[in-house]
Amino acid sequence: MEFPQYRPRRLRASANIRRMVRETRLSPDMFIYPLFVNYGKGVKDEIGSMPGNFRLSVDNLAAEAKVAQSLGIQGVILFGIPERKDEMGSEAYNPDGIVQRAVKEIKNAVPEMVVITDVCIDEYTTHGHCGVVDEKSGEILNDPTLDLLAKMALTHADCGADIVAPSDMMDGRIGSVREALDENGYGSVAIMSYAAKYASGYYGPFREACDSSPQFGDRSTYQMDPANAREAIREVTQDVMENADIIMVKPALPYLDIIRMIRDRFDHPLAAYNVSGEYAMIEAAGRNGWIDRDRVMLETLLSIHRAGADMILTYFAKDAARLLNG
Ligand code: PBG
């Protein structure tokens with residue numbers, strides 16, 4: 001491999017040669033498209049910090065799922081924006097709640113669409129935390145939260161969800177959700193675990209979308225410290241031992257090292273979440289004319305895939321699919 005005999009530029013000489021030696025390719029079927037389901041009717045409300053993404057009421061979901069399907073996207077993940085929030089997040093496990101109805105609507109309209117549900121109570125609690133809060137100490141209680149998560153996952157399975165995705169970061173949640181599903185005849189419903197989820201500033205726009213910012217403190221007693229890499233191995237190991245089917249690293253772009261490390265150490269399908277803040281940064285710079293938005297979007301998704309993610313949860317799903325489909 002010595003110059004002048006070896007010349008790497010030979011394989012970059014034309015578009016066709018470059019295509020031939022390309023190591024990584026994106027395709028729409030690796031994208032999972034997040035949808036925000038709003039209470040009410042006829043709602044299509046653009047999210048300020050996530051332009052191009054909307055809070056949709058249940059009656060507007062089928063159309064959106066069909067568009068996604070026509071672009072080659074095979075999975076959606078649902079987040080709920082309920083009418084009422086309370087201390088215990090009871091709308092999260094209401095059998096007739098917002099996401100429960102959304103699952104039925106999409107499975108009914110587009111049966112082949114893989115419907116994934118986010119399992120976490122923060123969008124449904126007045127305090128905005130992902131767990132039950134101890135009244136006196138303000139502590140986020142782990143074990144009492146597990147029952148609520150299991151109950152929530154069950155209502156999603158009851159409505160036809162294909163995959164449930166716990167994102168709360170309580171210890172032991174995968175086991176408790178798996179047990180509840182199995183005991184109730186949902187042995188075939190899969191679990192996608194937000195296994196290595198970091199306490200990240202990149203979730204800002206999502207919290208605006210769902211009005212789910214913690215009302216006191218932050219999430220650092222349950223989400224991971226951004227400084228830790230080896231800890232991700234322990235988190236993923238535990239979730240795999242508890243029979244998670246798919247594991248996830250979140251966020252994606254600032255954690256490409258974690259994605260690569262988990263890819264190299266585990267055989268499970270690996271998802272990465274290209275989160276709201278990653279979306280907002282590219283969108284904002286693009287709108288200002290500071291970067292070529294489409295190019296940076298595809299380069300970013302490619303980098304996440306190259307780092308080792310099999311599937312990518314991304315708000316760019318539709319636009320990226322359109323570009324890839326040509
Ligand atoms: C928790 C949850 C969050 C996201 C997905 N699930 C927010 C949080 O942990 O604060 C963030 C996703 C994003 O930023 O795009 N239910």
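1. Let's start with the pair D45 and R55, whose side chains meet in a salt bridge at 2.9 Å, N to O. A salt bridge here is a side-chain nitrogen of Lys or Arg within 4 Å of a carboxyl oxygen of Asp or Glu. D45 lies in strand 2 (residues 44-46) and R55 in strand 3 (residues 54-57), so the pair ties together parts that are 10 residues apart in sequence. R55 is buried, with a relative accessible area of 13%, whereas D45 is partly exposed at 34%. For these words, buried means under 20% relative accessible area, exposed over 50%, and partly exposed in between (1.4 Å probe, protein chains only). Helices (H or I, at least four residues) and strands (E, at least two) are DSSP runs, numbered from the N terminus.

2. A word on what you are looking at: this is a predicted model, in which local features need pLDDT of at least 70 and side-chain atom pairs count only at pLDDT 80 or more, while totals for chains, interfaces and linings use all residues. Residues are numbered from 1 along each chain as its sequence is written, and side-chain values use heavy atoms, with hydrogens and water left out.

3. How many salt bridges does the structure hold? There are 17. One of them joins the side chains of R178 and D182 at 3.0 Å, N to O. These two residues sit four apart in helix 5 (residues 173-183), so about one helical turn separates them. R178 counts as buried at 11% relative accessibility, and D182 is partly exposed at 42%.

4. R293 counts as buried at 15% relative accessibility, while D294 is partly exposed, with a value of 32%. Both belong to a network of salt bridges that links E283, R287, R293, D294, D319 and R322.

5. Strand 10 (residues 246-250) deserves a look. Five of its five residues are buried, so this strand is largely enclosed by the rest of the structure. I246, M248 and K250 point one way, and I247 and V249 the other way. In a regular strand the side chains alternate between the two faces of the sheet.

6. Which strands pair with strand 10? Strand 9 (residues 190-197) runs parallel to strand 10 and is joined to it by four bridges; K197 has K250 as its bridge partner in strand 10. Strand 11 (residues 270-274) also runs parallel to strand 10, with three bridges between them, and the bridge partner of M248 there is A271. Two strands pair if DSSP finds at least two bridges between them.

7. On the surface, R7, R9, R10 and R12 gather in a patch of positive charge. Patches are made of residues with over 30% relative accessible area and no salt bridge, with like charges joined within 9 Å and nonpolar side chains (Val, Leu, Ile, Met, Phe, Trp, Tyr) within 5 Å. R10 is found in the segment before helix 1 (15-20) and is partly exposed, with a relative accessible area of 45%.

8. Finally, L11, M20 and V21 form a nonpolar surface patch, with about 320 Å² of accessible area together. Accessible areas come from the Shrake-Rupley method with a 1.4 Å probe. V21 sits in the loop between helix 1 and strand 1 (31-38) and is partly exposed at 40% relative accessible area.

Terms used
Lys and Arg count as positive and Asp and Glu as negative; His and the chain ends are not counted. The place of a charge is taken as NZ of Lys, CZ of Arg, CG of Asp or CD of Glu.
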